[in-house]
Amino acid sequence: MKLLLHICCGPCAVYPVDVLQKENIDFEGVFFNPNIHPIEEFIKRRDNAKILSDIKNFPITVSDQFQETDWLGFTGTSEERCNMCYSLRLERVARMAKEKGFDAFTTTLLVSPYQKHELIKELGEKMGTTYGIDFYYRDLREGFRQGQQQARELGLYRQKYCGCIISRRETPVKSKGSK
């Protein structure tokens, strides 16, 4: 199987990449996360996904698309926001996987206990059906802490919130030295 792996950030990719490599699954990464804000946060996450691909020796395609204006006026519920965010990314990755001849696609979002796991699975399967490509579903949450620890040891930037501008406003992000 040749798999396209959507990478939301370096730390969340650590465990899924280890699993795929141990199982000898042929995969490539793709960083497509135009939802991440502000631009400084987007750059940190993008750059750390590239750093991880160098460390773990796997190919990655990086999109520099940044869509702040799409999120500034968003007034929907948390569920609607997550649906929009997941759909945007999974749709692009499914389409890319199909166009580039992959057998399936998946996402590192499936490692996080903080993400809406069932919604991700539902949307991944829907996008797979839409584009005629398999969504490779695997619950990787059991490796979240292990991956985060390894990310810390590798010196990867570990973010404090989900990523979208709304999540950033709702999450009290402390700067270094604050309590």
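This short talk goes through the aromatic contacts in the structure above.

The model is predicted: local features need pLDDT of at least 70, side-chain atom pairs count only at pLDDT 80 or more, and totals for chains, interfaces and linings use all residues. Residues are numbered from 1 along each chain as its sequence is written, and side-chain values use heavy atoms, with hydrogens and water left out.

Ring pairs, then. There are 5 aromatic pairs. A pair means Phe, Tyr or Trp rings (the six-membered ring for Trp) with centres within 6.5 Å; planes under 30 degrees apart are stacked, over 60 edge-to-face, the rest tilted.

Take Phe31 and Phe42. Their centres sit 5.7 Å apart and their planes meet at 65 degrees, so this pair is edge-to-face. Phe31 is in strand E2, residues 26-31, and Phe42 in helix H2, residues 39-56. Helices (H or I, at least four residues) and strands (E, at least two) are DSSP runs, numbered from the N terminus. The two residues are 11 apart in the chain.

Buried or exposed, Phe31? Buried, at 0% relative accessibility. Phe42 is buried too, at 1%. Cut-offs: buried is under 20% relative accessible area, exposed over 50%, partly exposed in between, with a 1.4 Å probe and protein chains only. Ring pairs also join Phe31, Phe42 and Phe66 into a cluster.

Next, Tyr114 and Phe144. Edge-to-face again: 5.7 Å between centres, 75 degrees between planes. Tyr114 lies in the loop between strand E4 and helix H5, Phe144 in helix H6, 30 residues apart. Tyr114 is exposed at 61%, whereas Phe144 is buried at 8%.
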